[in-house]
Amino acid sequence: MTYRKSWAEPWKIKMVEHLTMTSREDRVKAIEDAGYNTFLLRSEDVYIDLLTDSGTNAMSDRQWAGMMLGDESYAGSRNFYNLEKTIQDFYSYKYIIPTHQGRAAEHMMSQILIKDGDYIPGNMYFTTTRLHQELAGGTFVDVIIDEAHDTESEHPFKGNVDLKKLDDLVKKVGADKIPYICIATAVNMAGGQPISLQNIKELREYTTKHGIDIVHDMTRVAENAWFIKEREAGYAEKTVQEIVFEICSLTDHATMSAKKDPLVNIGGFMATNNEDVYRQAQNMVVVYEGLHTYGGMAGRDMEALSIGIKESVQDDHMRARVGQTEYLGDKLIGYGIPIVRPVGSHGVFLDAKKFLPHLSQDVFPAQTLAAEIYVESGVRSMERGIISGGRNKDTGDHNRPKLELVRLTIPRRVYTQAHMDVVAESIADVYERRAKITGLQFTYEPEYLRFFQARFEPLS
Ligand SMILES: *Cc1c(COP(=O)(O)O)cnc(C)c1O
């Protein structure tokens, strides 16, 4: 499990981007102006930006060259056909509809497949995914294995579906109320934890028997494939590319946020093997995104995406990608800092409940910790706890997820090992003064996806 072979990056740096260095005084002012929400900081005030791995990727020289090959015709751009073929070849899906990013694909998928009163099981929720399911009249049901909610469990596949939980739901509401199960690969909200191929195969068998489809939230499928290669019996000799293809081919439909795995800054798509679903999506995309041969993307962006997909499934790329995340995780463990184990694919998740045990969840420990880390060193992270969890749509109370985490998310091909050292050292500094940290309270709470725009003030 602890991977100690060299993972040096299979690339070198051709161009650099300067970072701003700030003083503690600057940062105290900046976080106050941002209402103690790291989403509201200006990026110029940030030194090392680990807010998200979404759209923050560094593109390769080949991808930039691809940008120059953009065919910006309104209809039938050649870049669309390149992208379509790449998705068919690498991800197995027959039909694709480009979108501006993942949530647009989720919107269409939810509106097409969900009827009012339906239930949508999933291996943990994702913020935008669940919201679109709810807006379509569905209710999300978490069917991930219990180990996923335990930050200390070393289970190698914490993204697995608990088939017993799924079967209980089917028995309770009936399979006809469950249009599909949504499975995420490298489950974001669980800390980037993988689902095994064995679990997907069992799920395929079960869902086929009950007439339930599988929607694949495939935003980090290649990262998931790397863990399968490392941990699942029988896959060590397979390539990431082969494993990615096998995962996809066991599912019926997919939504992709291309801002993650596929190494671009914007883009996404919906994919399906069902011609009828495809026709309906083609109808919707012209209303909400654009013509079906560009969706929400420029031709050049589709070209960069198609090249990025090919680069994302290279074993050497994945070894360095996940290796860097594990490097940061191991450093933090070395300082005795509580993190989600095993370290996931795209980031290291601090366990804010254990980091700040004197704070109750009602004073938002993870939100507080993210603000403190920023003040300490200019490192930007984000909350993944009670604020991200939102409120129950019926009772109005906080959803109170078991996990109260701060996510240090690593952009692909952007930072060096020395940056990771600085991050680990500054979190260790916050850890030393943790007993003095107090919580936060809302000064403004938006109705939807509140974590993006909420504002807070410190409790005295
Ligand atoms: C980012 C993400 C999405 C949404 O995609 P956007 O491109 O941000 O709209 C959906 N699911 C998962 C697991 C994600 O990480």
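Which element gives the largest share of the shell around the ligand? Helix α4 does, with three residues. Before we walk further, a word on the model: it is predicted, local features need pLDDT of at least 70, side-chain atom pairs count only at pLDDT 80 or more, and totals for chains, interfaces and linings use all residues. Residues are numbered from 1 along each chain as its sequence is written, and side-chain values use heavy atoms, with hydrogens and water left out.

Let's start at the ligand. There are 14 residues around it, and Gly102, Arg103, Asp217, Ser257 and Lys260 come nearest (a residue is near if one of its heavy atoms lies within 4 Å of the molecule). Three of these have a polar side-chain atom to look at. For serine 257, such an atom is 2.6 Å from a ligand oxygen; for lysine 260, the distance to an oxygen atom of the ligand is 2.8 Å. Aspartate 217 instead faces a nitrogen atom of the ligand, at 2.8 Å. Taken alone, the ligand exposes 380 Å², and the protein buries 95% of that (areas by the Shrake-Rupley method with a 1.4 Å probe). Two elements give two or more residues to the shell, namely α4 (102-113) and α5 (127-135); helices here are DSSP runs of H or I with at least four residues, and strands are E runs of at least two, numbered from the N terminus. By class, the shell holds six charged, seven polar and one nonpolar residue, with Gly counted as polar.

The largest nonpolar core has 56 residues, among which Tyr91, Met218 and Val244 touch the most other members. Such a core is a set of buried Ala, Val, Leu, Ile, Met, Phe, Trp, Tyr and Cys residues joined through side-chain atoms within 4.5 Å, where buried means under 20% relative accessible area. Helix α8 (residues 221-231) gives the most to this core, six residues. Leaving out residues up to four places away in sequence, tyrosine 91 touches residues including Met218, Val244, Phe269 and Ile309 (contact means heavy atoms within 4.5 Å). A second, separate core of 35 residues includes Tyr327, Val379, Met420 and Ile437.

Finally, have a look at tyrosine 415, in the loop between β12 (405-409) and α16 (417-432). Is tyrosine 415 buried or exposed? Tyrosine 415 is buried, with a relative accessible area of 9%. Beyond four places away in sequence, its contacts include Tyr47, Asp49, Gln324 and Met420. A polar atom of the tyrosine 415 side chain also lies 2.8 Å from the backbone nitrogen of aspartate 49.

Technical notes
A polar contact is a pair of N or O atoms within 3.5 Å; within protein, one must be able to donate a hydrogen and the other to accept it, and residues adjacent in sequence count only if both atoms are side-chain atoms. Buried means under 20% relative accessible area, exposed over 50%, partly exposed in between (1.4 Å probe, protein chains only).
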